[in-house]
Amino acid sequence: MQQRSPQQFAEFLLNGDQQRAIELLRQIAKHTPRYKLYNELLTPAMRYIGELWERNDITVAEEHLATAVCDFVLAQYHYSPGKSLAMNRHSVNHKAMFSCLEGEQHALGLKMVSGLFEEEGWHSRFMGADLPLEYTVDTAKKWMPDVIGLSVSIAYNLPNLQTYVKALEDLNYGPTVLVGGRLAEKYDLRPYCSDKTVIIKDVEELHSWLSVYSTGEKQNARY
């Protein structure tokens, strides 16, 4: 993948150019596995846009436009012809649900994660942003997913993360809780989790964890 590709992709998003963004993504996707595409194109592009916003080089409106276009492009890629067949070909009869903590609005990364699980044959439910704990727990009790993925990107939400992890890991059927998001890349989240919690720092690490889980060695798949 060319070094400039993430910045070029980000420029298409900021310009609201859906077509060129989709074309670039599909061009790279021809010779790049999905997890690498997410890790080396979409994630750095959105990180670059976030840095522009933090430096006040772009407005909130521009950042929202870029996020909306990226969401659209991701959906187009995810449900493009042939993708659904590839994802359902090797069903593993596992279930996973993904949501952001209450107050967390950035859900694109979690949507990518949900797509990766589907590609591996999992039954996946993407619950989106800002999901209060009571609804997260209620859904888990009813659907009983093997894995529950949480995303945290805002530092003041870390105490809230601790509450979510405890409530979900205390469910009597014993789901595995995965924690990721922007903060997982930068900080040690272990003080806000338990010894059982799986902390995922990036898509590459998630891909490795999924490979181990699928071989039935989930007890050893700790990060």
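Is Trp122 buried or exposed, and what is its relative accessible area? I looked this up in the model, which is a predicted one, and found Trp122 buried, with a relative accessible area of 6%.

**Entry on the aromatic rings**

I searched the whole structure for aromatic pairs and noted five of them. One of these joins Phe117 and Trp122 in an edge-to-face arrangement, with 4.8 Å from centre to centre and 85 degrees between the planes. I then checked Phe117, which is buried with a relative accessible area of 0%. Phe117 also pairs with Trp209, and here I recorded ring centres 6.5 Å apart and planes at 45 degrees, so this pair is tilted. Because Phe117 belongs to helix 6 (residues 108-119) and Trp209 to helix 10 (residues 203-214), the pair ties together parts that lie 92 residues apart in sequence. For Trp209 I read a relative accessible area of 0%, which puts this residue among the buried ones.

**Entry on helix 2 and helix 4**

I next turned to helix 2 (residues 18-29) and helix 4 (residues 60-78), whose axes come within 10 Å and cross at roughly 45 degrees. That angle is why I list helix 2 as oblique to helix 4; the crossing is right-handed. On the side of helix 2, I found Gln18, Ala21, Ile22, Leu25, Arg26 and Ala29 meeting Val69, Phe72, Val73, Gln76 and Tyr77 of helix 4. Sorted by class, this contact of helix 2 with helix 4 comprises eight nonpolar, two polar and one charged residues.

How values were computed
Residues are numbered from 1 along each chain as its sequence is written. This is a predicted model: local features need pLDDT of at least 70, side-chain atom pairs count only at pLDDT 80 or more; totals for chains, interfaces and linings use all residues. Side-chain values use heavy atoms; hydrogens and water are left out. Axes are lines fitted to C-alpha atoms, for helices over the stretch in contact, and angles run from 0 to 180 degrees between N-to-C directions. Helices (H or I, at least four residues) and strands (E, at least two) are DSSP runs, numbered from the N terminus. Angles under 35 degrees count as roughly parallel, over 145 as roughly antiparallel, 65 to 115 as roughly perpendicular and the rest as oblique. A crossing is left-handed if the near helix is turned anticlockwise from the far one by less than a right angle, and right-handed if clockwise. Contact means heavy atoms within 4.5 Å. Ala, Val, Leu, Ile, Met, Phe, Trp, Tyr, Cys and Pro count as nonpolar, Asp, Glu, Lys and Arg as charged, and the others, Gly among them, as polar. Rings of Phe, Tyr and Trp (its six-membered ring) pair if their centres lie within 6.5 Å; planes under 30 degrees apart count as stacked, over 60 as edge-to-face and the rest as tilted. Buried means under 20% relative accessible area, exposed over 50%, partly exposed in between (1.4 Å probe, protein chains only).
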